[in-house]
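Welcome, and thanks for taking a look at this one with us. Please have the sequence and the 3D view open side by side as you read.

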Amino acid sequence: MVTYLGLQGVQQLVRTLGVGGFIARLADEIESDYRRWDAFEKSARVASHSADGVIELMPTSDGRLYSLKVVNGHPVNPQRGLLTVMALGLLADVRTGHPLLLSELTLTTALRTAATSALAARWMARPAPRVMALIGNGAQSDFQALAFHHLLGVEELHLFDVDTQATRRLQHNLASTPEGRGLRCIAFPSVHEAVSGADLVTTITADKRNAVILTPDMIEPGMHLNAVGGDCPGKTELHPQILQRPDLRVVVEFEPQSRVEGEVQQMPADYPVTEFAAVVSGRVQARRTERDVTLFDSVGFALEDFSALRLLHGLVQAHPECGQSLDLVPELDDPKDLFGGTLGDRSGQSPMRRSFSLGTAQSTNDLTRVDNSREWGNSRLTGAASGSHSGSSRTSRPAARSSRT
Ligand SMILES: NC(=O)c1ccc[n+]([C@@H]2O[C@H](COP(=O)([O-])OP(=O)(O)OC[C@H]3O[C@@H](n4cnc5c(N)ncnc54)[C@H](O)[C@@H]3O)[C@@H](O)[C@H]2O)c1
């Protein structure tokens with residue numbers, strides 16, 4: 001049987017840790033996976049573009065687990081009553097190819113994108129940021145707000161959206177969620193006013209074109225820019241002159257994908273970028289001075305969904321009531337007799353073998369435990385899910401909230 005996690009199951013799992021706690025846990029998972037970058041099979045995602053949007057396949061594997069996300073991006077969808085971004089995902093055992101988990105990834109994508117944004121800012125922004133401008137107040141924005149509040153200690157949000165109703169919705173949600181109550185949210189009438197004086201700027205708008213959300217005059221020394229909404233060819237948010245600033249340090253997830261999909265698609269092929277893996281491993285410092293402007297040119301990389309699926313699989317093993325068993329794959333007494341066991345004369349008697357075993361490496365916990373113990377030491381391996389990282393030693397960059405409060 002394959003474990004299925006639907007929306008309700010993920011909601012329940014997130015509630016067991018709290019939204020801030022879940023995002024923090026996921027950020028740890030993502031960070032640990034970026035640190036073992038070389039273990040991953042990496043490819044740019046496979047995109048199918050159409051007039052209104054894109055549908056993408058995002059696969060990766062670390063040689064033990066394989067993950068695949070199917071995700072869309074259709075900025076016009078809210079006018080049709082649909083989400084702009086929807087996703088589902090699969091986690092499989094590399095040794096046998098057997099699926100382990102089929103999961104919703106729409107809610108999870110918002111959580112993992114927020115976790116990745118906050119994680120990148122922890123490594124790239126100046127310490128103790130207080131104010132973040134949040135431009136684009138749609139489906140992803142609440143998650144970004146909570147991630148920066150819980151992981152970096154952001155206390156004040158400066159909001160702007162061309163749709164004032166979207167901003168009111170965001171303000172309402174953050175005010176009515178216990179985890180958002182420490183946040184002061186102020187709506188501004190323009191991007192310029194929202195960005196002025198902010199330590200961090202997150203752009204997370206949806207528009208299928210080369211939009212210009214941030215212009216060069218808005219950028220102040222020392223700012224960290226978290227540009228999330230530009231994630232497809234011909235879909236960007238920053239004026240190209242921002243990318244030409246001599247004091248700008250640009251970090252991307254996976255360079256071959258970001259060159260095509262990120263803000264840096266506007267720049268020549270030799271434009272300097274640093275991969276995030278080099279930053280979390282301590283090989284490259286994203287920020288050299290307090291006055292540098294840093295840009296996390298986020299497009300979303302398959303590794304982040306791998307981390308999320310592995311975390312969910314570990315959590316659902318600890319909370320089996322949140323998942324369901326799916327008869328997605330025939331489990332046969334005689335694995336050579338697919339016809340007989342499903343459609344032939346034996347199908348009525350014993351269509352599915354109940355006790356199919358994946359062997360010794362069946363659980364994600366086992367798979368990850370072996371992997372992590374090799375690379376990170378046993379201190380990282382407590383907790384029900386794949387890895388709790390309280391004992392890990394950061395290479396060079398602290399600046400998490402816990403260090404300031
Ligand atoms: N990088 C990643 O990993 C990642 C992950 C998920 C989503 N995304 C991208 O993030 C973006 C937002 O996703 P969403 O699900 O929140 O979409 P959404 O449609 O729910 O919200 C987008 C918001 O942007 C606003 N907007 C559009 N143009 C604007 C402008 N010029 N100025 C200010 N606001 C503007 C819209 O009014 C809307 O409220 C999308 O482009 C999506 O593709 C990126």
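The notes below cover a nonpolar core, a helix and a loop residue in this predicted model.

## The largest nonpolar core

Let's begin inside. The largest nonpolar core holds 94 residues, and those with the most contacts inside it are I23, A115, A118, F148 and L312. Helix 3 supplies the largest share of this core, 10 residues. Because domain 1 (2-107 + 303-386) and domain 2 (114-297) both give residues to the core, it lies between them.

Setting aside neighbours within four places in sequence, F148 is in contact with A118, A121, M132, V154 and L200.

Now turn to helix 5, residues 164-176. Its 13 residues reach 18 Å from the first C-alpha to the last, close to the 18 Å expected at 1.5 Å a residue.

Which residues of helix 5 are buried? They are T167, L170 and L174. These residues sit on the same side of helix 5, because they cover an arc of only 60 degrees around the axis. Helix 4 (141-152), strand 8 (156-160) and strand 9 (184-187) are among the elements that cover them. On the face turned away from the buried side, you will find the exposed residues Q165, H172, A175 and S176.

## A loop residue with positive phi

Finally, have a look at A128, in the loop between helix 3 (106-124) and strand 7 (131-135). Most residues other than glycine have a negative phi. A128, although not a glycine, has a positive phi of about 55 degrees. A128 counts as partly exposed because it has 14 C-beta neighbours inside 10 Å.

Conventions:
Residues are numbered from 1 along each chain as its sequence is written. This is a predicted model: local features need pLDDT of at least 70, side-chain atom pairs count only at pLDDT 80 or more; totals for chains, interfaces and linings use all residues. Helices (H or I, at least four residues) and strands (E, at least two) are DSSP runs, numbered from the N terminus. A residue is buried if 20 or more other C-beta atoms lie within 10 Å of its own, exposed if 12 or fewer, and partly exposed in between; C-beta atoms are placed from the backbone. A nonpolar core is a set of buried Ala, Val, Leu, Ile, Met, Phe, Trp, Tyr and Cys residues joined through C-beta atoms within 7 Å. Domain bounds come from an automatic or database domain assignment. Two residues are in contact if their C-beta atoms, placed from the backbone, lie within 7 Å. The expected span of a helix is 1.5 Å times one less than its number of residues. The arc is that of the directions from the helix axis to the C-beta atoms.
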